[in-house]
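Reader: Can you take me through the pockets and the ligand site? Keep it short.

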Amino acid sequence: MDPAVFEEALRYLPGGVSYGVRYVDPIPIYVERAEGVYVYDLSGRRFVDFWLGHGALLMGHGYRPVIEAAMDQLAKGAHFGYPHIWEVRWAKQVCSMVPSVKMVRPTNSGTEANMYAVRTARGYTGRKLVGKIEGGWHGGYDGLQIGVTYPIDKPSSLGIPPETTANTLLLPYNDLDGVEKRIKGKELAAIVVEPVLGAGGFIPADIEYLKGLREICDREGILLIFDEVITGFRLAPGGAQQRFGVLPDITVLGKVIGGGPFPAGAFGGREDVMEVLDQRKRTNFYERVFHGGTYSGNPLTMRAGYVLLKELEKGEVYEKLEKLGERARRGLREALEPLGAYITGVGSLVCIHFTKEEPRDIHTANRTKDHKLTIEFSKHLYRKGILFVPPYNPHLFISAAHSQEDIDNLVEAAESFASLSKSRL
Ligand SMILES: Cc1ncc(COP(=O)(O)O)c(C=O)c1O
(Lines give C-alpha, C1' and ligand atoms only; values in the text may rest on other atoms or scores of the structure.)
Protein backbone atom coordinates (compact mmCIF):
# COMPACT_ATOMS: atom_id res chain seq x y z
CA MET A 1 0.00 0.00 0.00
CA ASP A 2 1.30 3.41 -0.85
CA PRO A 3 -1.31 6.08 -0.06
CA ALA A 4 1.03 8.98 -0.92
CA VAL A 5 1.65 7.72 -4.45
CA PHE A 6 -2.03 7.08 -4.99
CA GLU A 7 -2.93 10.53 -3.68
CA GLU A 8 -0.63 12.05 -6.24
CA ALA A 9 -1.93 9.70 -8.92
CA LEU A 10 -5.48 10.88 -8.21
CA ARG A 11 -4.47 14.43 -9.08
CA TYR A 12 -3.15 13.57 -12.52
CA LEU A 13 -4.72 10.31 -13.68
CA PRO A 14 -8.54 9.99 -13.77
CA GLY A 15 -9.40 7.52 -11.01
CA GLY A 16 -5.69 7.46 -10.17
CA VAL A 17 -4.91 4.71 -12.66
CA SER A 18 -3.95 4.20 -16.30
CA TYR A 19 -6.72 1.62 -16.81
CA GLY A 20 -9.81 1.20 -14.63
CA VAL A 21 -9.50 -2.60 -14.31
CA ARG A 22 -6.19 -2.17 -12.50
CA TYR A 23 -7.79 -0.34 -9.58
CA VAL A 24 -8.08 -2.16 -6.29
CA ASP A 25 -10.19 -0.48 -3.62
CA PRO A 26 -9.11 1.53 -1.63
CA ILE A 27 -5.56 1.77 -3.02
CA PRO A 28 -4.14 -0.06 -6.03
CA ILE A 29 -1.02 -2.16 -5.66
CA TYR A 30 1.97 -0.40 -7.20
CA VAL A 31 4.35 -2.81 -8.84
CA GLU A 32 7.99 -1.83 -8.91
CA ARG A 33 9.50 -4.84 -10.63
CA ALA A 34 8.65 -8.33 -11.78
CA GLU A 35 10.45 -11.58 -12.46
CA GLY A 36 9.15 -15.01 -13.42
CA VAL A 37 5.82 -15.44 -11.61
CA TYR A 38 6.56 -12.74 -9.05
CA VAL A 39 5.71 -9.06 -8.86
CA TYR A 40 7.12 -6.83 -6.11
CA ASP A 41 5.38 -3.76 -4.76
CA LEU A 42 7.05 -0.52 -3.69
CA SER A 43 7.73 -1.83 -0.20
CA GLY A 44 9.37 -4.96 -1.62
CA ARG A 45 6.42 -7.26 -0.83
CA ARG A 46 6.32 -10.21 -3.18
CA PHE A 47 3.16 -11.56 -4.82
CA VAL A 48 2.62 -14.57 -7.05
CA ASP A 49 1.12 -13.05 -10.17
CA PHE A 50 -1.88 -14.65 -11.88
CA TRP A 51 -2.62 -11.64 -14.08
CA LEU A 52 0.65 -11.60 -16.03
CA GLY A 53 0.28 -8.40 -17.96
CA HIS A 54 -3.38 -9.04 -18.88
CA GLY A 55 -2.41 -12.56 -19.92
CA ALA A 56 0.25 -11.45 -22.39
CA LEU A 57 3.19 -12.97 -20.50
CA LEU A 58 2.70 -16.64 -21.30
CA MET A 59 6.27 -17.47 -20.23
CA GLY A 60 6.15 -15.27 -17.11
CA HIS A 61 7.84 -11.93 -16.47
CA GLY A 62 11.25 -11.25 -17.98
CA TYR A 63 11.51 -14.30 -20.25
CA ARG A 64 15.20 -14.19 -21.15
CA PRO A 65 15.20 -15.06 -24.89
CA VAL A 66 12.67 -12.27 -25.56
CA ILE A 67 14.45 -9.75 -23.33
CA GLU A 68 17.85 -10.48 -24.90
CA ALA A 69 16.49 -10.19 -28.44
CA ALA A 70 14.71 -6.97 -27.49
CA MET A 71 17.85 -5.45 -25.95
CA ASP A 72 19.81 -6.21 -29.09
CA GLN A 73 17.04 -4.73 -31.20
CA LEU A 74 16.85 -1.60 -29.03
CA ALA A 75 20.48 -0.96 -29.84
CA LYS A 76 19.92 -1.48 -33.56
CA GLY A 77 16.67 0.47 -33.69
CA ALA A 78 13.28 -0.08 -32.10
CA HIS A 79 11.38 1.94 -34.66
CA PHE A 80 12.22 2.56 -38.31
CA GLY A 81 8.98 3.36 -40.07
CA TYR A 82 10.34 1.27 -42.97
CA PRO A 83 9.92 -2.37 -43.91
CA HIS A 84 12.43 -4.69 -42.21
CA ILE A 85 13.29 -8.36 -42.02
CA TRP A 86 11.65 -9.03 -38.62
CA GLU A 87 8.17 -8.20 -39.85
CA VAL A 88 8.62 -10.72 -42.66
CA ARG A 89 9.90 -13.43 -40.30
CA TRP A 90 7.15 -12.66 -37.79
CA ALA A 91 4.39 -12.77 -40.43
CA LYS A 92 5.66 -16.07 -41.87
CA GLN A 93 5.81 -17.52 -38.37
CA VAL A 94 2.26 -16.42 -37.50
CA CYS A 95 0.97 -17.89 -40.77
CA SER A 96 2.77 -21.17 -40.16
CA MET A 97 1.26 -21.54 -36.68
CA VAL A 98 -2.34 -20.33 -36.92
CA PRO A 99 -4.17 -22.75 -39.23
CA SER A 100 -6.59 -20.31 -40.92
CA VAL A 101 -4.16 -17.39 -41.25
CA LYS A 102 -2.53 -17.20 -44.66
CA MET A 103 -1.69 -13.48 -44.55
CA VAL A 104 -1.43 -11.15 -41.59
CA ARG A 105 -0.98 -7.49 -40.66
CA PRO A 106 0.41 -6.23 -37.33
CA THR A 107 -1.24 -3.62 -35.11
CA ASN A 108 -0.36 -2.11 -31.73
CA SER A 109 -3.21 -3.59 -29.74
CA GLY A 110 -6.03 -6.10 -29.80
CA THR A 111 -8.49 -3.22 -29.94
CA GLU A 112 -7.04 -1.92 -33.19
CA ALA A 113 -6.82 -5.42 -34.61
CA ASN A 114 -10.55 -5.96 -34.02
CA MET A 115 -11.34 -2.60 -35.60
CA TYR A 116 -9.36 -3.45 -38.72
CA ALA A 117 -10.74 -6.98 -38.87
CA VAL A 118 -14.29 -5.63 -38.93
CA ARG A 119 -13.35 -3.05 -41.54
CA THR A 120 -11.70 -5.75 -43.65
CA ALA A 121 -14.82 -7.92 -43.45
CA ARG A 122 -17.01 -4.99 -44.47
CA GLY A 123 -14.65 -4.07 -47.28
CA TYR A 124 -14.58 -7.63 -48.58
CA THR A 125 -18.30 -8.37 -48.38
CA GLY A 126 -19.61 -4.88 -49.15
CA ARG A 127 -22.04 -5.35 -46.24
CA LYS A 128 -22.50 -3.23 -43.12
CA LEU A 129 -24.00 -5.32 -40.30
CA VAL A 130 -21.67 -7.09 -37.89
CA GLY A 131 -22.81 -9.74 -35.41
CA LYS A 132 -21.21 -9.48 -31.98
CA ILE A 133 -21.68 -11.90 -29.12
CA GLU A 134 -23.33 -10.80 -25.86
CA GLY A 135 -20.64 -10.60 -23.19
CA GLY A 136 -17.84 -10.60 -25.76
CA TRP A 137 -15.03 -8.11 -25.17
CA HIS A 138 -12.96 -6.93 -28.09
CA GLY A 139 -11.22 -3.89 -26.65
CA GLY A 140 -12.33 -0.29 -26.71
CA TYR A 141 -13.33 -0.01 -30.39
CA ASP A 142 -16.69 1.83 -30.58
CA GLY A 143 -18.31 -0.55 -33.04
CA LEU A 144 -17.93 -3.57 -30.75
CA GLN A 145 -18.31 -1.85 -27.37
CA ILE A 146 -21.94 -2.82 -26.81
CA GLY A 147 -23.37 -5.75 -24.92
CA VAL A 148 -20.04 -6.21 -23.18
CA THR A 149 -21.07 -5.69 -19.56
CA TYR A 150 -24.12 -6.79 -17.62
CA PRO A 151 -26.93 -5.83 -17.89
CA ILE A 152 -26.58 -5.69 -21.64
CA ASP A 153 -29.51 -3.34 -22.21
CA LYS A 154 -27.35 -0.58 -20.68
CA PRO A 155 -24.42 0.99 -22.58
CA SER A 156 -21.03 -0.56 -21.91
CA SER A 157 -19.47 2.90 -22.11
CA LEU A 158 -20.54 6.51 -22.23
CA GLY A 159 -19.65 8.46 -25.33
CA ILE A 160 -20.77 5.93 -27.92
CA PRO A 161 -23.79 7.31 -29.78
CA PRO A 162 -26.38 4.69 -30.81
CA GLU A 163 -25.70 5.61 -34.47
CA THR A 164 -22.16 4.28 -34.03
CA THR A 165 -23.38 0.83 -33.09
CA ALA A 166 -26.45 0.85 -35.32
CA ASN A 167 -24.72 -1.68 -37.55
CA THR A 168 -23.77 -4.00 -34.70
CA LEU A 169 -26.17 -6.84 -34.01
CA LEU A 170 -25.95 -8.57 -30.63
CA LEU A 171 -26.04 -12.36 -30.80
CA PRO A 172 -26.42 -14.90 -27.96
CA TYR A 173 -23.50 -17.06 -26.81
CA ASN A 174 -23.72 -20.85 -26.86
CA ASP A 175 -27.21 -20.65 -28.38
CA LEU A 176 -27.31 -21.39 -32.11
CA ASP A 177 -31.09 -21.20 -32.43
CA GLY A 178 -30.93 -17.75 -30.87
CA VAL A 179 -28.31 -16.71 -33.44
CA GLU A 180 -30.46 -18.07 -36.33
CA LYS A 181 -33.47 -16.11 -35.09
CA ARG A 182 -31.62 -12.81 -34.75
CA ILE A 183 -29.85 -12.91 -38.12
CA LYS A 184 -32.94 -14.00 -40.05
CA GLY A 185 -33.57 -11.73 -43.03
CA LYS A 186 -30.41 -9.71 -42.32
CA GLU A 187 -27.25 -9.39 -44.38
CA LEU A 188 -24.18 -9.59 -42.17
CA ALA A 189 -20.59 -8.85 -43.14
CA ALA A 190 -19.18 -10.77 -40.18
CA ILE A 191 -19.81 -12.51 -36.90
CA VAL A 192 -17.15 -11.77 -34.27
CA VAL A 193 -16.75 -14.28 -31.47
CA GLU A 194 -14.24 -15.17 -28.77
CA PRO A 195 -13.88 -18.98 -28.77
CA VAL A 196 -13.56 -18.64 -25.01
CA LEU A 197 -15.25 -15.59 -23.46
CA GLY A 198 -12.32 -13.74 -21.89
CA ALA A 199 -13.27 -10.80 -19.69
CA GLY A 200 -16.74 -12.39 -19.77
CA GLY A 201 -15.38 -15.04 -17.38
CA PHE A 202 -13.35 -17.64 -19.32
CA ILE A 203 -16.45 -19.45 -20.51
CA PRO A 204 -15.58 -21.78 -23.41
CA ALA A 205 -17.86 -21.93 -26.42
CA ASP A 206 -19.39 -25.35 -27.10
CA ILE A 207 -17.61 -26.84 -30.08
CA GLU A 208 -21.03 -27.49 -31.65
CA TYR A 209 -21.80 -23.79 -31.29
CA LEU A 210 -18.60 -22.79 -33.09
CA LYS A 211 -19.22 -25.39 -35.79
CA GLY A 212 -22.78 -24.09 -36.13
CA LEU A 213 -21.52 -20.51 -36.53
CA ARG A 214 -19.13 -21.75 -39.22
CA GLU A 215 -22.04 -23.37 -41.09
CA ILE A 216 -24.26 -20.31 -40.77
CA CYS A 217 -21.45 -18.09 -42.08
CA ASP A 218 -20.81 -20.40 -45.06
CA ARG A 219 -24.50 -20.56 -45.86
CA GLU A 220 -25.07 -16.80 -45.61
CA GLY A 221 -21.80 -15.50 -47.10
CA ILE A 222 -20.77 -14.04 -43.72
CA LEU A 223 -17.13 -13.90 -42.62
CA LEU A 224 -16.46 -15.63 -39.32
CA ILE A 225 -14.03 -13.68 -37.13
CA PHE A 226 -12.42 -15.34 -34.10
CA ASP A 227 -11.05 -12.92 -31.55
CA GLU A 228 -8.10 -14.95 -30.30
CA VAL A 229 -6.38 -12.09 -28.46
CA ILE A 230 -6.46 -14.26 -25.32
CA THR A 231 -6.64 -17.78 -26.73
CA GLY A 232 -4.09 -17.30 -29.53
CA PHE A 233 -0.82 -19.20 -28.87
CA ARG A 234 -2.16 -19.95 -25.38
CA LEU A 235 -4.61 -22.82 -25.84
CA ALA A 236 -2.38 -24.44 -28.47
CA PRO A 237 0.40 -23.24 -30.81
CA GLY A 238 -2.39 -22.50 -33.30
CA GLY A 239 -4.81 -21.14 -30.70
CA ALA A 240 -8.42 -22.09 -30.03
CA GLN A 241 -9.12 -22.76 -33.72
CA GLN A 242 -6.52 -25.53 -33.70
CA ARG A 243 -7.69 -26.90 -30.37
CA PHE A 244 -11.42 -26.83 -31.24
CA GLY A 245 -10.99 -27.72 -34.92
CA VAL A 246 -13.12 -24.87 -36.28
CA LEU A 247 -11.50 -22.38 -38.64
CA PRO A 248 -12.57 -18.75 -38.98
CA ASP A 249 -12.08 -16.54 -42.04
CA ILE A 250 -10.33 -13.80 -40.08
CA THR A 251 -8.40 -14.18 -36.83
CA VAL A 252 -7.69 -11.36 -34.41
CA LEU A 253 -4.58 -11.78 -32.28
CA GLY A 254 -2.77 -9.80 -29.58
CA LYS A 255 -0.88 -10.11 -26.29
CA VAL A 256 1.46 -13.14 -26.78
CA ILE A 257 1.97 -12.28 -30.46
CA GLY A 258 4.30 -9.41 -29.56
CA GLY A 259 6.57 -11.43 -27.30
CA GLY A 260 4.69 -10.55 -24.12
CA PRO A 261 6.03 -7.25 -22.79
CA PHE A 262 5.39 -5.14 -25.91
CA PRO A 263 2.20 -3.55 -27.26
CA ALA A 264 0.90 -5.80 -30.00
CA GLY A 265 -1.99 -7.04 -32.04
CA ALA A 266 -2.64 -8.56 -35.45
CA PHE A 267 -5.38 -9.60 -37.83
CA GLY A 268 -5.05 -12.16 -40.55
CA GLY A 269 -6.95 -14.61 -42.67
CA ARG A 270 -7.56 -16.06 -46.11
CA GLU A 271 -5.55 -14.58 -48.99
CA ASP A 272 -8.63 -13.50 -50.95
CA VAL A 273 -9.94 -11.65 -47.87
CA MET A 274 -6.65 -10.01 -46.90
CA GLU A 275 -6.16 -8.99 -50.51
CA VAL A 276 -8.49 -6.00 -49.89
CA LEU A 277 -5.54 -4.40 -48.06
CA ASP A 278 -3.09 -4.81 -50.94
CA GLN A 279 -1.94 -1.37 -52.14
CA ARG A 280 -0.36 -2.90 -55.27
CA LYS A 281 -3.55 -4.50 -56.50
CA ARG A 282 -5.84 -1.73 -55.30
CA THR A 283 -4.05 1.48 -56.09
CA ASN A 284 -6.78 3.93 -55.09
CA PHE A 285 -7.64 4.51 -51.46
CA TYR A 286 -11.35 4.27 -52.27
CA GLU A 287 -10.99 0.70 -53.53
CA ARG A 288 -9.02 -0.77 -50.67
CA VAL A 289 -9.24 -1.16 -46.91
CA PHE A 290 -6.97 1.21 -45.03
CA HIS A 291 -4.79 -0.14 -42.26
CA GLY A 292 -1.65 1.41 -40.78
CA GLY A 293 -0.11 3.08 -37.75
CA THR A 294 3.13 4.80 -36.81
CA TYR A 295 4.32 1.91 -34.68
CA SER A 296 2.62 -0.97 -36.48
CA GLY A 297 5.15 -3.69 -37.22
CA ASN A 298 7.93 -1.96 -35.30
CA PRO A 299 11.07 -4.12 -35.21
CA LEU A 300 11.13 -4.37 -31.42
CA THR A 301 7.70 -6.00 -31.20
CA MET A 302 8.16 -8.05 -34.37
CA ARG A 303 11.45 -9.52 -33.26
CA ALA A 304 10.26 -10.17 -29.71
CA GLY A 305 7.12 -11.82 -31.08
CA TYR A 306 9.07 -13.90 -33.55
CA VAL A 307 11.46 -15.17 -30.87
CA LEU A 308 8.60 -16.19 -28.59
CA LEU A 309 6.52 -17.82 -31.34
CA LYS A 310 9.53 -19.83 -32.49
CA GLU A 311 9.78 -21.21 -28.97
CA LEU A 312 6.04 -21.88 -28.67
CA GLU A 313 6.02 -23.65 -32.02
CA LYS A 314 7.98 -26.50 -30.40
CA GLY A 315 4.86 -27.19 -28.37
CA GLU A 316 6.75 -28.07 -25.21
CA VAL A 317 5.04 -25.66 -22.82
CA TYR A 318 1.46 -26.70 -23.54
CA GLU A 319 1.46 -29.93 -21.58
CA LYS A 320 2.65 -28.08 -18.50
CA LEU A 321 0.10 -25.26 -18.96
CA GLU A 322 -2.64 -27.85 -19.38
CA LYS A 323 -1.67 -29.80 -16.25
CA LEU A 324 -1.39 -26.67 -14.10
CA GLY A 325 -4.74 -25.38 -15.38
CA GLU A 326 -6.45 -28.71 -14.66
CA ARG A 327 -4.91 -28.88 -11.21
CA ALA A 328 -6.04 -25.33 -10.41
CA ARG A 329 -9.60 -25.91 -11.64
CA ARG A 330 -9.93 -29.22 -9.78
CA GLY A 331 -8.49 -27.82 -6.55
CA LEU A 332 -10.51 -24.61 -6.64
CA ARG A 333 -13.68 -26.56 -7.43
CA GLU A 334 -13.17 -28.80 -4.39
CA ALA A 335 -12.21 -25.87 -2.16
CA LEU A 336 -15.03 -23.53 -3.15
CA GLU A 337 -17.85 -25.98 -3.81
CA PRO A 338 -19.15 -25.56 -0.23
CA LEU A 339 -19.70 -21.88 -1.06
CA GLY A 340 -21.54 -22.78 -4.26
CA ALA A 341 -18.89 -21.46 -6.65
CA TYR A 342 -18.40 -22.49 -10.27
CA ILE A 343 -14.95 -22.73 -11.81
CA THR A 344 -14.69 -22.23 -15.56
CA GLY A 345 -11.84 -22.17 -18.02
CA VAL A 346 -9.79 -24.28 -20.36
CA GLY A 347 -6.05 -24.88 -20.63
CA SER A 348 -4.23 -22.21 -18.66
CA LEU A 349 -7.34 -20.03 -18.14
CA VAL A 350 -9.15 -20.28 -14.80
CA CYS A 351 -12.10 -18.20 -13.57
CA ILE A 352 -13.95 -18.31 -10.25
CA HIS A 353 -17.68 -17.49 -10.33
CA PHE A 354 -19.72 -17.09 -7.18
CA THR A 355 -23.03 -17.76 -8.90
CA LYS A 356 -26.02 -19.99 -8.23
CA GLU A 357 -26.14 -21.32 -11.78
CA GLU A 358 -23.50 -22.67 -14.11
CA PRO A 359 -22.01 -19.83 -16.19
CA ARG A 360 -22.70 -20.50 -19.88
CA ASP A 361 -22.98 -16.92 -21.14
CA ILE A 362 -23.10 -13.35 -19.82
CA HIS A 363 -26.58 -13.84 -18.34
CA THR A 364 -25.91 -17.00 -16.33
CA ALA A 365 -22.53 -15.58 -15.24
CA ASN A 366 -24.09 -12.43 -13.82
CA ARG A 367 -27.73 -12.60 -12.84
CA THR A 368 -27.09 -14.51 -9.59
CA LYS A 369 -23.53 -13.34 -9.02
CA ASP A 370 -22.53 -12.61 -5.42
CA HIS A 371 -20.42 -9.48 -5.95
CA LYS A 372 -19.58 -9.02 -2.28
CA LEU A 373 -18.28 -12.57 -1.90
CA THR A 374 -16.30 -12.25 -5.14
CA ILE A 375 -14.48 -9.15 -3.91
CA GLU A 376 -13.91 -10.64 -0.46
CA PHE A 377 -12.39 -13.70 -2.14
CA SER A 378 -10.02 -11.61 -4.24
CA LYS A 379 -8.93 -9.54 -1.26
CA HIS A 380 -8.33 -12.67 0.80
CA LEU A 381 -6.01 -13.93 -1.94
CA TYR A 382 -4.18 -10.59 -2.07
CA ARG A 383 -3.58 -10.88 1.68
CA LYS A 384 -2.15 -14.34 1.03
CA GLY A 385 0.28 -12.87 -1.51
CA ILE A 386 -1.58 -13.89 -4.66
CA LEU A 387 -2.27 -11.13 -7.13
CA PHE A 388 -4.56 -10.46 -10.10
CA VAL A 389 -7.06 -7.79 -11.14
CA PRO A 390 -9.86 -6.83 -11.21
CA PRO A 391 -11.12 -8.01 -7.82
CA TYR A 392 -14.71 -8.21 -9.09
CA ASN A 393 -13.73 -10.71 -11.80
CA PRO A 394 -11.13 -13.25 -10.64
CA HIS A 395 -10.03 -14.65 -13.98
CA LEU A 396 -6.53 -16.01 -13.64
CA PHE A 397 -3.85 -16.58 -16.23
CA ILE A 398 -1.37 -19.38 -15.65
CA SER A 399 2.06 -19.09 -17.25
CA ALA A 400 4.81 -21.58 -18.06
CA ALA A 401 6.78 -20.00 -15.20
CA HIS A 402 4.24 -21.14 -12.59
CA SER A 403 4.97 -24.28 -10.62
CA GLN A 404 2.75 -26.94 -9.11
CA GLU A 405 3.52 -25.35 -5.76
CA ASP A 406 2.15 -21.99 -6.93
CA ILE A 407 -1.08 -23.72 -7.90
CA ASP A 408 -1.27 -25.61 -4.61
CA ASN A 409 -0.76 -22.35 -2.70
CA LEU A 410 -3.59 -20.80 -4.73
CA VAL A 411 -5.87 -23.70 -3.84
CA GLU A 412 -4.84 -23.50 -0.18
CA ALA A 413 -5.70 -19.80 -0.11
CA ALA A 414 -9.12 -20.65 -1.57
CA GLU A 415 -9.58 -23.36 1.09
CA SER A 416 -8.80 -20.93 3.88
CA PHE A 417 -11.27 -18.46 2.35
CA ALA A 418 -13.95 -21.15 2.26
CA SER A 419 -13.43 -22.08 5.93
CA LEU A 420 -13.44 -18.43 6.99
CA SER A 421 -16.64 -17.75 5.05
CA LYS A 422 -18.35 -20.87 6.42
CA SER A 423 -17.44 -19.98 10.01
CA ARG A 424 -19.02 -16.56 9.48
CA LEU A 425 -22.32 -18.07 8.28
C1 LIG B 1 -10.54 -11.04 -26.33
C2 LIG B 1 -9.94 -9.67 -26.33
N3 LIG B 1 -9.99 -8.95 -27.45
C4 LIG B 1 -9.44 -7.72 -27.52
C5 LIG B 1 -8.81 -7.16 -26.43
C6 LIG B 1 -8.21 -5.81 -26.53
O7 LIG B 1 -6.83 -5.91 -26.63
P8 LIG B 1 -5.92 -4.66 -26.21
O9 LIG B 1 -6.09 -4.48 -24.74
O10 LIG B 1 -4.54 -5.07 -26.60
O11 LIG B 1 -6.42 -3.49 -26.98
C12 LIG B 1 -8.72 -7.89 -25.24
C13 LIG B 1 -8.02 -7.33 -24.07
O14 LIG B 1 -7.84 -7.94 -23.06
C15 LIG B 1 -9.32 -9.18 -25.17
O16 LIG B 1 -9.29 -9.89 -24.05
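**Pockets and ligand**

Author: The second largest pocket has a volume of about 890 Å³. A pocket here is an open set of points on a 1 Å grid over the protein atoms alone, where a 1.4 Å probe fits, with protein on both sides within 12 Å along at least five of seven lines; lining residues have an atom within 4 Å of a point. Volume is the space filled by probe spheres set on the points, which are joined across faces, edges and corners. The model is predicted: local features need pLDDT of at least 70, side-chain atom pairs count only at pLDDT 80 or more, and totals for chains, interfaces and linings use all residues. Residues are numbered from 1 along each chain as its sequence is written, and side-chain values use heavy atoms, without hydrogens and water.

Reader: Which residues lie nearest the centre of that second largest pocket?

Author: Glu87, Val104, Arg105, Pro106 and Gln279, out of 36 lining residues.

Reader: Which backbone comes in?

Author: Trp137, with a backbone N or O atom 3.3 Å from a ligand nitrogen.

Reader: How much of the ligand does the protein bury?

Author: 85% of the 390 Å² that the ligand exposes taken alone, by the Shrake-Rupley method with a 1.4 Å probe.

Methods
Polar contact = N/O pair within 3.5 Å; in protein donor to acceptor, adjacent residues only side chain to side chain.
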